[in-house]
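Biologist: I have the sequence and the model open. Can you walk me through it?

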Amino acid sequence: MPIRQPIVTMLGHIDTGKTSLLDKIRGTGVQAREAGGITQQIGASFFPLSTVKELVGPLMKTFKRELTLPGLLIIDTPGHAAFFNLRKRGGAVADIAILVVDIVDGLQPQTYESLRILRARKTPFLIALNKVDRQPGWKPQDTWVITESLKAQSEFVKGELDKKIYEVMGDLSRENIQSDRYDRIRNFAKTVAIVPTSAKTGEGLSELLLVLIGLAQQFLEEQLQTTKGPAKGVVLEVKEEPGLGVTVDTIIYDGVLHQGDTIVVGGLPEPITTHVRALLMPKPLDEIRDPRERFSPVKEVVAAAGIKIAAPYLDDAIAGSGLFVANSDDEVESIKERITHDMEAVRIETDKIGVLLKADTLGSLEALIDYLKGREIPIRRADIGDISKKEVKAVSTVYENDPFVGVILAFNVRPLPDAAKEADELGVPIFQSQIIYDLVDQYENWVSDKRRKLEEAMLEELIFPGKFEILPGYVFRQSNPAVVGVKVLAGRISAKSNLITPDNRRIGSIQQIQDSGETISTARIGAEVAVSIRGATVGRQIDEGDILYIDLPEGMVIRLNQEFKDKLSADEQELLQEFLELKRKHVQPFWGV
């Protein structure tokens, strides 16, 4: 069976240089023209074997095996969107990945997210430790071979580079991933290769390409076997093109696609059956989304390839869904059933209490569901597309039952105008982001903040245990109200609290607390303050040297014991037990149970 080129994805944290690395190899100006220097769209570049050999250059002499793969098809990935959509039942369409890590910043949130995604999809990868030119003292060399460049560096610079590599190795080890610098590895099957690179100078790119194609040839040959049968692919992006209408940027990973073929592609509300009107193929070393010249129309395309398909009825096609050629009506129905089942397996519709999750593509929805399940966030409904007014109303009923999950998480989608208005009126929170961890962090931080505020409000309503002594010689007024100096012996005392004696006699309540002439709401253990007591007279109900307790209702004691014990200090917990014993002695044996 013929061997196709491996499909390669680039992942990594924002601004690590994913596009810049590819741009350096490709020689086009994509990076310079993108807003803010950050990858904004999805693209694919085909590198023929002859080009790979030329870029690897003198290193070919050290490579013991003849390169037989037809080349590389590299997908440039912004925010993991392409990798999410490179999906099929049973795993990933991507054969191997380059994880780009900034040598200065090391592993960052999206790096860990990338690792989780790669492991979930069981996709092998190597690491481009990028921006070596930013190492203090680094002397850029006119070579793409990092080993040659290192010969020109000082011992200090080489030592600092090794330190950075060991830091990355340590971080990966904590994720149970064994790694090492590529030229120190004996067993590539068990160890992830780290290749120092510079997208700015090109240093290290020869080794990066050689390790990449070498790993693919050694370990992936079996899965790179392709057929001459009907094409199988996955939709990367649905895009309207001037003069063409709605098109789908597609990666074909198996078989052959011809102009005029009948194709079935995932869509809403149901799979779409249509005919290929035109196949538009980028020239080698060009990119689907940013060609230097116009697309080249072709009659057929063989896997693996990134192509643009023009066909009728693609308006409701879904990125991340499968695309298959059907040669008969029976095949059309069979494929439609398969695609429907695949989409229904991802989408969620339940009656349980949980969040509403909306995403722009099937791939990102699938990745988000996995991520939320890993964080134990319940999902009521998960679907594709913008947020509707009907969905906002449904979430508002969940909010009434559980405000912590009565929310909408929107990944790269927006609320429709009437839905946004409805959400404002009903107070339904909508969280939006184009980065998974950021979206979930927004939500989890909101939950933490809401819980904290709710807890603070509940704590304000609580009455805490308190015990104090009326200090001898500090009677400032005998009655109406009595004003005395006291020392807090345990717990805390607060204004508006009722008081009892050790034999459970009620003797009034604290009206006000003052410390050095200033009114305060609470005094804690050890404090000596003045209190005014309404309903008691010094010399009658109370006297100097008396011990008094804050009188706690039975329900409050039960709540403190069951719900807020962790909010009580050690002395408050001891005092609460002492107060229970007092009540059980003078009221009834099972008081506060």
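Biologist: Which residues touch the most other members in the largest nonpolar core?

Modeller: Ile251 and Leu372 do, in a core of 115 residues. A nonpolar core here is a set of buried Ala, Val, Leu, Ile, Met, Phe, Trp, Tyr and Cys residues joined through side-chain atoms within 4.5 Å. Buried means under 20% relative accessible area, exposed over 50% and partly exposed in between, with a 1.4 Å probe and protein chains only.

Biologist: Which helix gives this core its largest share?

Modeller: Helix α8, residues 205-219, with nine residues. Helices (H or I, at least four residues) and strands (E, at least two) are DSSP runs numbered from the N terminus.

Biologist: What is leucine 372 in contact with, leaving aside neighbours within four places in sequence?

Modeller: Val355, Leu357, Ile377, Ile379, Leu409 and Val440. Contact means heavy atoms within 4.5 Å.

Biologist: And what lies apart from that core?

Modeller: Another core, of 37 residues, with Phe468, Val488, Leu552 and Leu580 among them.

Biologist: Back to Leu372. Which residues of α10 are buried?

Modeller: Leu372 is one of them, along with Leu362, Gly363, Ser364, Leu365, Ala367, Leu368, Ile369 and Tyr371.

Biologist: What span should α10 have, and how far apart are its ends?

Modeller: The helix covers residues 362-374, and at 1.5 Å a residue its 13 residues should span 18 Å; the end C-alpha atoms are 18 Å apart, so the two agree. The expected span is 1.5 Å times one less than the number of residues. Just after α10, glutamate 376 has a positive phi of about 60°.

Biologist: How far do I trust this? What is the mean pLDDT?

Modeller: This is a predicted model, where local features need pLDDT of at least 70 and side-chain atom pairs count only at pLDDT 80 or more, while totals for chains, interfaces and linings use all residues. Residues are numbered from 1 along each chain as its sequence is written, and side-chain values use heavy atoms, with hydrogens and water left out. The mean pLDDT is 89, and 93% of the residues reach 70 or more. pLDDT is the predictor's confidence in each residue, from 0 to 100.

Biologist: Which elements have the lowest and highest mean pLDDT?

Modeller: Helix α2 (residues 30-33) is lowest at 42, and strand β13 (residues 262-265) is highest at 98. Over residues 28-42 the pLDDT is below 50, and beyond near neighbours in sequence this stretch has 39 contacts in the model.

Biologist: Now the sheet. In what order do the eight strands of the open sheet come?

Modeller: β14-β13-β19-β10-β11-β18-β15-β16, with antiparallel pairing. Two strands pair if DSSP finds at least two bridges between them. The edge strands, β14 (272-275) and β16, each pair on one side only.

Biologist: How do β15 and β18 pair?

Modeller: Antiparallel, over three bridges, between residues 278-281 and 305-310. Leucine 279 stands opposite isoleucine 309 in β18. Three bridges also pair β15 with β16 (residues 296-298), again antiparallel, and leucine 280 faces proline 297 there.

Biologist: Is lysine 131 buried or exposed?

Modeller: Lysine 131 counts as buried because its relative accessible area is 18%. Its phi is positive, near 75°, and its place is the loop between β7 (125-130) and α6 (146-151).
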